[in-house]
Amino acid sequence: MKEASEELGVWLEARYPRCFRTAWMLLRHRDDAQEVVQDAYVRVWRFRDSIPDGDGREAWLYRVVVNASLSRLRSERRWRDRDGDAALAWQTAPQADEPEEQATRSELARQVFAALASLPESLRVPVVLRYYVGLTEREIATAIGRRPGTVKSRLYDARAQLAKNSYLASWVNATTGGGLDLPLASGDENEVAST
Amino acid sequence: MITEQALTELLGAAADEIHVPAGASGRAVERVRDDVATVPDLPRRWSRRVVIRVAAAAAVVVVAVAGVGAVIGTSNSERSTATSSTAGSSSSAAAGQAMAGSAAPVAPEKGAAGGTTSSTGQGTPGTADGGQDRRIVKNASISLSVSDGKVGDTLERLRTLAAGYGGFVQASGSNLSGSSPNGTVTLRVPVAQYAAAREALTAGTYGKATSISESGSDVTAQYADLGARLTALQTSRQTYLTMLSNAKTVGDTLAVQQKLDDVQQQIEQLQAQQKLLADSSDEATFKVTVSEAGAASGQPQPRTGFSKAAHDAWDNFTGGLQWLVSISGGLLIALILVAIFGLAGRIALRRIRRPIV
C-alpha cells in the first residue's frame with residue numbers, strides 16, 4: 001500500500017510540468033495554474049483506487065487537470081476579462097541550449113502565446129485541449145458543454161485565424177516544408193507583433 | 001490554414017518554453033500527502049446524472065402520492081346526497097320527491113302533525129340494513145317570491161307553519177323597507193314531517209318557489225360509533241368504581257379516582273356529541289328566503305341574442321372543463337405535476353450544462 005502511494009507520488013511528480021503547462025495555457029496565470037494542478041492532484045490522490053491502468057492513466061490525469069481548469073474558468077468569469085494582463089505572466093524556461101537557439105525557442109513561444117492570446121477564449125480553449133492536451137473533438141465538446149460540430153467549427157476558425165499570423169506561417173513553412181494548406185495573403189500583417 | 005499536425009508541434013514546442021516553478025512538482029506531491037492526511041474528504045459534488053435521477057425519483061414520488069391521495073380522497077368521501085333545483089323543473093322536483101321518500105329519517109316524532117301531514121305518507125321512519133335506525137341530517141333552502149307588500153305577512157305565516165308541524169323558528173330576519181323588501185326565516189321541524197313541510201312550502205300557498213336546494217347526510221354510522229364508545233366507557237367506569245370501593249391505600253384510591261375522572265369526562269364529551277347528532281337528525285332545517293316578485297331579487301332577466309349565445313358558450317366551455325377534470329380523476333393532476341417537474345428539470349439541466357466558453 002505504501003509502495004503504491006510512493007509510486008503514485010513519483011508518477012505525479014514526473015507529470016507535473018505538462019499538467020502545469022496545460023493549466024497555464026488554459027488559465028494563463030501562473031498562480032492559478034499552480035493552484036489548479038494542486039487541486040487536481042489532491043483529487044487524483046483521493047480517488048487513486050479508481051485510476052485506470054495502462055495508457056488511460058495519463059489521459060485520465062490530464063482530464064482531471066483540464067476539468068479543474070475549466071471549473072476555475074467557470075467560477076471566475078470576471079477574472080477572465082484580464083486575459084491581456086495574464087498573458088504577460090509567461091516566463092521562459094531556462095534552457096541548456098546555445099544562446100542563439102534558446103533565443104529562437106523563446107521568440108517562437110512568445111509569438112505562439114501572443115497568437116493564442118489574440119484568439120477569443122471560445123477558440124483558444126478548444127485549441128489547447130485539442131492540439132496540446134490531445135483530447136478528441138467529442139471529449140472537448142463534453143468538457144466545455146458544446147456540440148461536437150461546434151467544436152469542429154471552432155477549431156477550424158482558430159486554425160484559420162492563426163494562419164494569418166505571418167510569423168507562425170513562416171515557421172511552419174520553414175520547419176515542415178509546407179504545413180500551411182493555403183498560401184497567406186500578401187497583405188496579411190503580423191497581428192501578434194502588435195499585441 | 002495551419003494543419004493540425006503543424007499546430008500540435010507548434011504548441012508542443014512553445015509549451016516546452018513555459019517555465020515550471022522550480023521544485024513545484026515535489027512540493028505539490030508533498031502538499032497532497034499532507035492535505036489528504038489532515039483534511040477530511042472533499043465534499044463530492046453531485047454529478048449531473050445523479051441530479052437527474054434524484055429529480056426524476058422525486059417527481060415519481062410526488063405523482064404517486066398525488067394519485068394515492070386522489071384515490072383515498074374519493075373512497076373516503078362522506079356519504080351524502082345533495083340536490084339542487086329550480087322550481088318548475090319537473091326533473092328536479094322528481095328528484096326532490098324521490099329523496100324525501102327514500103331518505104326518510106327515523107327520529108321519534110315530537111308532536112302531532114298538523115292537518116297537512118295526512119296528505120302524504122312520506123316521512124315514515126325507515127330502517128337501515130340489519131334493522132338499525134337510520135339518522136339523516138336534512139337541510140333545505142327555499143326561495144319564495146311573493147306579491148308586493150306581502151313579505152311581512154308571509155314571514156308570519158311561515159312561523160305559524162313551523163308550529164303546525166311541531167317545530168319552531170330557529171332564526172328570522174327581515175328588511176321590509178326600501179325598494180326590495182325581503183326576509184329570511186330558519187325553521188326546524190321534526191324530520192318525520194320534512195316531506196310534508198317541504199310540500200307545503202313549495203305548493204304555492206306561501207308564494208312562488210323560485211329555487212330549492214336540499215341536502216341530506218347519513219350520520220347513522222357516526223351515531224352508532226358514539227353509542228358503542230359510550231357503552232365501553234360506561235363499562236370501564238363501572239370497573240373503576242368497583243376498584244375504588246376495594247382500594248386499601250390512599251395512593252390506590254387517588255390513582256383509581258384519577259382514572260375514573262378521566263373516563264367520566266370522556267363519557268360526558270361523547271354524550272354531548274351524541275346529543276348534538278341526535279338533535280340535528282331529529283329536526284330538519286328549512287332556510288326560507290322571501291322576496292317580492294317585482295323587486296331586484298337577484299333573478300336575472302332572460303338572456304337573448306348575442307348575450308345568450310356568449311353565455312351559453314361560456315357555460316359549455318366551463319362545463320366541458322369540469323367534465324374533463326371529473327373523468328380524469330387524479331390523472332390530470334398527475335400530468336400537471338409531471339409537466340411542472342419536467343419544466344423545472346429542463347431549466348436546471350440547462351443551467352448545469354451552461355457552456356464554459
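## Confidence along chain A

pLDDT is the predictor's confidence in each residue, from 0 to 100. Helices here are DSSP runs (H or I, at least four residues), numbered from the N terminus. This is a predicted model: local features need pLDDT of at least 70, side-chain atom pairs count only at pLDDT 80 or more, and totals for chains, interfaces and linings use all residues. Residues are numbered from 1 along each chain as its sequence is written, and chains are lettered from A and ligands numbered from 1 in the order in which they are written.

Chain A averages a pLDDT of 78. In chain A, 77% of the residues score at least 70. Over residues 82-88 of chain A, pLDDT stays under 50. The model gives that stretch seven contacts beyond four places in sequence. Two residues are in contact if their C-beta atoms, placed from the backbone, lie within 7 Å. Residues 181-195 of chain A also have pLDDT below 50. They have 24 contacts in the model beyond near neighbours in sequence.

## H6 against H7

Helix H6 (residues 121-133) and helix H7 (residues 137-144) of chain A pack at about 135°, with axes 10 Å apart. Axes are lines fitted to C-alpha atoms, for helices over the stretch in contact; angles run from 0 to 180 degrees between N-to-C directions. H6(A) is therefore oblique to H7(A). Angles under 35 degrees count as roughly parallel, over 145 as roughly antiparallel, 65 to 115 as roughly perpendicular and the rest as oblique.

H6(A) brings A:Val125, A:Pro126, A:Leu129 and A:Arg130 to the contact, and H7(A) brings A:Ile140, A:Ala143 and A:Ile144. By class, that is six nonpolar, no polar and one charged residues. Ala, Val, Leu, Ile, Met, Phe, Trp, Tyr, Cys and Pro count as nonpolar; Asp, Glu, Lys and Arg as charged; the others, Gly among them, as polar.

## H7 against H8

The axes of H7(A) and H8(A) come within 8 Å and cross at roughly 105°. H7(A) is thus roughly perpendicular to H8(A). A:Glu137, A:Arg138, A:Ile140 and A:Ala141 of H7(A) meet A:Pro148, A:Val151 and A:Lys152 of H8(A). This contact has four nonpolar, no polar and three charged residues.

## Where chain A touches chain B

The contact takes 48 residues from chain A and 35 residues from chain B. H1(A) gives the most to the chain A side, with nine residues. By class, the chain A side has 29 nonpolar, 10 polar and nine charged residues.

Definitions and conventions. Helix = DSSP H or I, 4+ residues; strand = E, 2+ residues; numbered from the N terminus.
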